[in-house]
Amino acid sequence: MKRIGILTAGGDTPALNATIQGAVVRANQRRVEVYGFIKGFSSLLSTRVPHVHLNPLFSEIPELDPTRGGTVIGASRAFVDPRDVVTLDQVADRMARLKIGGLICVGGDGTLNGLQPFAERFPTVLAPKTIDNDLGLNHRNEPDEWSRVTCPEAPGYRYERLPSRATFDLEGIINYATPGYATSVFVSVEGVQRIRTTAESHRRIAIVEVMGRHSGYIALGTAYGQPDMILVPEFPLNTALLVERVRERYELQKNVVIVCGEGVVDENGQELGARQPSVDPAGNIVLSGAAEALRQILIGHFGDPYFQKSRRAETAGGAIFTRKVGHTQRGGRPILFDRFFATQLGGKAVDMLLDGQNNACSVLQWKRDKGFYVDSHDGNAFRDRWGLIHARQMHPSFYDPELMRPSRIGTEYLLPIFTNAIGHADVEYVREATFDAGSLFRPYHSVNTDINKRIRYLEGD
């Protein structure tokens, strides 16, 4: 294999460029050319196949900076229907005409689902990324714990999680943490810490919403910001307990900070924030806001007189406010943990292709006696019996629903990731770059303008 392709798919993640750079560095060592496909799978769906040669003369292009957030080759949520044989065959033909022997897809569980039809036509592997940390398995047999039950809504069935029969051990996790997760937690923690001082000053109750539609990993990690309560999607809301805890903390310290994942559900399993009928490009329900729904619940339970009595606010609505960390979690400079392991996983994906692997995923593993190391895992092993790859949910042992915070095992899970997650270069960058005087008069220069000069197209169409 003398030439491979790489693309980035799905939502934005801080360490994508680091993954690409790691793949290019390893390809240079093994004397393999790398073509980067522009805007993910959408490039392969175009007859012209826009692409960039990332290592001409086996030297990486200067735009490929592992400390830069986002992806220099662009991303999209475009996928190919596995039943669309005509389009899949067209993609295979375009790859052959470009003389590309294998493809690396950088993405999450959706991308792993989407790449498998390609693996039937040419070697294809995945390098993982996702801020939600939901690509992986809590243990090897986890796909067998899903069941499919009939329901009146299309497509006529839904998936439900069966009780786990496996003995859980941190060392048995497949893909311990994904690139992008540590940086998103870092951003969220800083947001929680900044909100806290405002809540303290004005005697307020703050509800901070972080990303995580089905997995509570980001919310769990915000424990580093010392919120008073953390709510995760895996555990239905206990309204009575929440109100009791909020009242207890507010009367003790005159402020409360609550962190909630965007996919938090009520006692009936319905997403609190699902108040709009529209869907996003990935087909997910657009959430109006779990934080706002929680705010309305607390306003209803406390009422205006509670805050007026202590002269801390005129209304409950004024005393309880919400903030979304939002897409800032997805962007910006990746911290050391993400940069380092993203490059390792990108390099491993190259080795996997050159060593003959197909439909496989590079993964980050952890052992108590050796720490983190990279490995590979069969892509088909992530599928349930019906062929679907599910987003990994946070293991229930990580969370204490009574205390509404990480359990002892959850704390043990977080420590290896974050103990040395920030490097000296990260701190120095903040010191030197945040208030660089040149930023006052230099316009922003987008890397897209430089990459655009390098884009080439498949000839003959």
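Colleague: What is the accessible surface of the chain, and which share belongs to carbon and sulfur atoms?

Modeller: This is a predicted model, and every value here is computed from it. The accessible surface of the chain comes to about 20,800 Å², and carbon and sulfur atoms account for 50% of that area. Of the 461 residues, 52% count as buried.

Colleague: How does the radius of gyration of the chain agree with that of a compact globule?

Modeller: For 461 residues a compact globule would have a radius of gyration near 23 Å, and the chain has 23 Å, so the two agree. Along its principal axes the C-alpha trace spans about 75 × 60 × 45 Å. The chain holds 13 helices and 16 strands. Among contacts between residues at least 6 apart in sequence, 74% join residues at least 24 apart.

Colleague: Which way do the side chains of a regular strand point, and which residues of β6 point one way and the other?

Modeller: In a regular strand the side chains alternate between the two faces of the sheet. In β6, T124, L126 and P128 point one way, while V125 and A127 point the other way. Five of the five residues of β6 (residues 124-128) are buried, so this strand is largely enclosed by the rest of the structure.

Colleague: Which strands pair with β6?

Modeller: Strand β5 (residues 102-107) pairs with β6 in the parallel sense over five bridges, and T124 is the bridge partner of L103. Strand β13 (residues 360-367) also runs parallel to β6, joined to it by two bridges; here L126 stands opposite C361. Together with helix α4 (residues 109-119), β5 and β6 make a right-handed β-α-β unit.

Colleague: In what order do the strands of the four-stranded open sheet stand, and which of them are at its edges?

Modeller: The order is β10-β11-β9-β12, with parallel pairing. Strands β10 (229-231) and β12 (320-324) are at the edges; each has a single partner strand, so one side of each is left without a neighbour in the sheet. On average, neighbouring strands of this sheet are turned by 20° against each other, direction ignored. Helix α5 (residues 181-202) packs on the sheet and touches β9 (205-210), β11 and β12. The direction of α5 makes about 150° with that of β11.

Colleague: Which backbone values deserve a second look, given what most residues have?

Modeller: Most residues other than glycine have a negative phi, and most peptide bonds are trans. L57 has a positive phi near 55°, and N133 has a positive phi of about 60°. A cis peptide bond, with omega about 5°, joins A154 and P155. P155 lies in the loop between β7 (146-150) and β8 (157-161).

Colleague: Where are L57 and N133 found, and is each of them buried or exposed?

Modeller: L57 is in the loop between β3 (51-53) and β4 (75-76), and at 82% relative accessibility L57 counts as exposed. N133 is in the loop between β6 and β7, and at 0% relative accessibility N133 counts as buried.

Colleague: What is the place of Q270, and with which residues is Q270 in contact beyond its neighbours within four places in sequence?

Modeller: Q270 lies in the loop between β11 and α8 (290-309). At 52% relative accessibility, Q270 counts as exposed, since the cut-off is over 50%. Leaving aside neighbours within four places in sequence, Q270 is in contact with V264 and V265.

Note on methods: Residues numbered from 1 in each chain as written. Predicted model: local features only at pLDDT ≥ 70, side-chain atom pairs only at ≥ 80, totals over all residues. Heavy atoms only, no water. Pairing = 2+ DSSP bridges. Axes fitted to C-alpha atoms, helices over the stretch in contact; angles between N-to-C directions. Contact = heavy atoms within 4.5 Å. Buried < 20%, exposed > 50% of the residue type's maximum accessible area, 1.4 Å probe, protein only. Right-handed = clockwise from strand over helix to strand, strands pointing away. Rg over C-alpha atoms; globule rule 2.2 N^0.38 Å. Areas by Shrake-Rupley, 256 points an atom, 1.4 Å probe, with all protein chains shown as cover.
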